[in-house]
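Here is a friendly walk through one chain and its contacts. Please keep the viewer open as you read.

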Amino acid sequence: QVQLVESGGGLVQAGGSLRLSCEASGSIASINTMGWYRQAPGGLRELVATITRGDTTNYADSVQGRFTISRDNAKNTVYLQMNSLKPEDTAVYYCYLNYRAIWTIRDHWGQGTQVTVSS
């Protein structure tokens, strides 16, 4: 069984910053990609940023230059530093994990953390 523990969401004014963290634990042989997705009210879940084990990153155009994703492989943790936040960044942010179990490659999702940006 795999667990993802997310933290760092909250309420912030436009222009402010937040840092999300997500720690993975459980029956994980190795971690491939970690990342963050988000879902606004009435919207679809969309990519925010991902990072591979080799530190290759991918960002949504809407957050490029404002958000930075990083990971600590020793701690099985991924971070999302969010700067210059805008009201349109308001959403539930979900941690994403792609990992190798003993015999298979699997995806796993966190339960989500709310980020609210006030104007």
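Leaving aside neighbours within four places in sequence, Leu 80 is in contact with Leu 18, Arg 19, Leu 20, Trp 36, Val 48, Ala 49, Phe 67, Thr 68, Ile 69 and Tyr 93, where contact means heavy atoms within 4.5 Å. Please note that this is a predicted model, in which local features need pLDDT of at least 70 and side-chain atom pairs count only at pLDDT 80 or more, while totals for chains, interfaces and linings use all residues. Residues are numbered from 1 along each chain as its sequence is written, and side-chain values use heavy atoms, with hydrogens and water left out.

**The core**

Leu 80 also belongs to the largest nonpolar core, which has 31 residues; Trp 36, Leu 80, Met 82, Tyr 93 and Leu 97 touch the most other members. Such a core is a set of buried Ala, Val, Leu, Ile, Met, Phe, Trp, Tyr and Cys residues joined through side-chain atoms within 4.5 Å. Buried here means under 20% relative accessible area, exposed means over 50%, and partly exposed lies in between (1.4 Å probe, protein chains only). At least two residues of this core come from each of strands E1 (2–7), E3 (18–26), E4 (30–39), E5 (46–51), E7 (67–72), E8 (77–82), E9 and E11. The largest share, five residues, is supplied by E9. As for the labels, helices (H or I, at least four residues) and strands (E, at least two) are DSSP runs, numbered from the N terminus.

**The disulfide**

How many disulfides does the structure hold? The structure holds one, with a disulfide defined as a pair of cysteine sulfur atoms within 2.5 Å. The partners are Cys 22 and Cys 95, with an S to S distance of 2.0 Å. The link between Cys 22 and Cys 95 is left-handed, at -90° about the S-S bond. Cys 22 sits in strand E3 and Cys 95 in strand E9, so the pair ties together parts that are 73 residues apart in sequence. Both Cys 22 and Cys 95 are buried.

Strand E9 (residues 91–100) runs antiparallel to E11, with three bridges, and Val 92 has Gln 114 as its bridge partner in E11.

Gln 13 lies in strand E2 and counts as exposed, at 61% relative accessibility. Leaving aside neighbours within four places in sequence, Gln 13 is in contact with Val 117 and Ser 118. The C-alpha atoms of Gln 13 and Ser 118 are separated by 4.8 Å, although these residues are 105 apart along the chain.

**Rings and charges**

A search of the whole structure finds three aromatic pairs. Rings of Phe, Tyr and Trp (its six-membered ring) pair if their centres lie within 6.5 Å; planes under 30 degrees apart count as stacked, over 60 as edge-to-face and the rest as tilted. Two of the pairs share Tyr 37 and are edge-to-face:

| Pair | Centre to centre | Angle between planes |
|---|---|---|
| Tyr 37 and Tyr 96 | 5.7 Å | 65° |
| Tyr 37 and Trp 109 | 5.0 Å | 75° |

Tyr 37 in strand E4 and Tyr 96 in strand E9 are 59 residues apart, while Trp 109, in strand E10 (residues 105–109), is 72 residues from Tyr 37. Ring pairs link Tyr 37, Tyr 96 and Trp 109 into a cluster. Tyr 96 is buried at 12% relative accessibility, whereas Trp 109 is partly exposed at 34%.

Charges also sit over rings, which requires NZ of Lys or CZ of Arg within 6 Å of the ring centre and within 35 degrees of the ring normal. Arg 19 lies over the face of Tyr 79, at 4.2 Å from the ring centre, and Arg 45 lies over the face of Tyr 94, at 3.7 Å.

**Two loop residues**

Most residues other than glycine have a negative phi. Asn 76, which is not a glycine, has a positive phi of about 50°; Asn 76 is found in the loop between E7 and E8 and is partly exposed, at 28% relative accessibility. Ser 84 likewise has a positive phi of about 50°. Ser 84 is placed in the loop between E8 and E9 and counts as partly exposed, at 42%.

Conventions:
Two strands pair if DSSP finds at least two bridges between them.
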